[in-house]
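Hello,

Here is the structure we talked about passing on. My notes follow below it.

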Amino acid sequence: MKRQRGAAAVEFALVVILVVFLLFGLIEFGRALFKWNSAVDATRRGARTAAIVAVGDAAAVLAEMRLMMPELQAGNVAIEYSIDGNFPGAACVRGTCRFVRVSVNYTFRPLVFFLPGTIPMPPFSTTYPVEALGAT
């Protein structure tokens with residue numbers, strides 16, 4: 001009988017370790033999905049903002065995108081304008097731009113120790129037809 005009580009404790013310890021790893025893995029998967037969705041929404045907000053502010057106003061676009069993803073840096077965001085919808089296209093100025101595309105390159109960083117240090121996500125981008133582009 002004494003041996004079986006010790007065996008139960010060992011089995012419990014092994015199962016708890018497995019369950020804890022599984023639990024933290026699921027939590028990180030949920031965080032990754034949340035960041036994925038945030039990146040998609042951030043590109044939509046950025047493209048919408050880029051379509052209505054002045055051409056090249058990257059600060060306004062980045063500020064709007066940071067409402068969804070505060071950790072975004074300017075180096076992770078690309079804003080492109082186009083006359084005909086082909087990116088990269090011919091350079092355009094206010095009045096000649098017809099489309100804007102905002103892209104985000106983001107690397108997910110898990111918090112738990114047993115997952116890789118970084119997980120690159122695919123680039124996210126949204127293309128929008130421009131409106132006034134800062135004209136009043």
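Strand β2 and strand β5 (residues 124-129) run antiparallel, joined by 6 bridges. Strands count as paired if DSSP finds at least two bridges between them. Across this pair, Arg101 stands opposite Thr127 in β5. β2 (residues 99-104) also runs antiparallel to β1 (residues 77-82), again with 6 bridges. There, Tyr81 has Val100 of β2 as its bridge partner.

A word on the source. This is a predicted model: local features need pLDDT of at least 70, side-chain atom pairs count only at pLDDT 80 or more, and totals for chains, interfaces and linings use all residues. Residues are numbered from 1 along each chain as its sequence is written, and side-chain values use heavy atoms, with hydrogens and water left out.

Now the whole chain. It has 2 helices and 5 strands, in the order α-α-β-β-β-β-β from the N terminus. Both are DSSP runs: helices are H or I, at least four residues; strands are E, at least two.

The overall shape comes next. The C-alpha atoms fill a box of roughly 85 × 25 × 20 Å along the principal axes.

Of the 136 residues, 27% are buried (under 20% relative accessible area, 1.4 Å probe, protein chains only). Among contacts (heavy atoms within 4.5 Å) with a separation of 6 or more, 59% come from residues 24 or more positions apart.

Best wishes

Note on methods: Buried means under 20% relative accessible area, exposed over 50%, partly exposed in between (1.4 Å probe, protein chains only).
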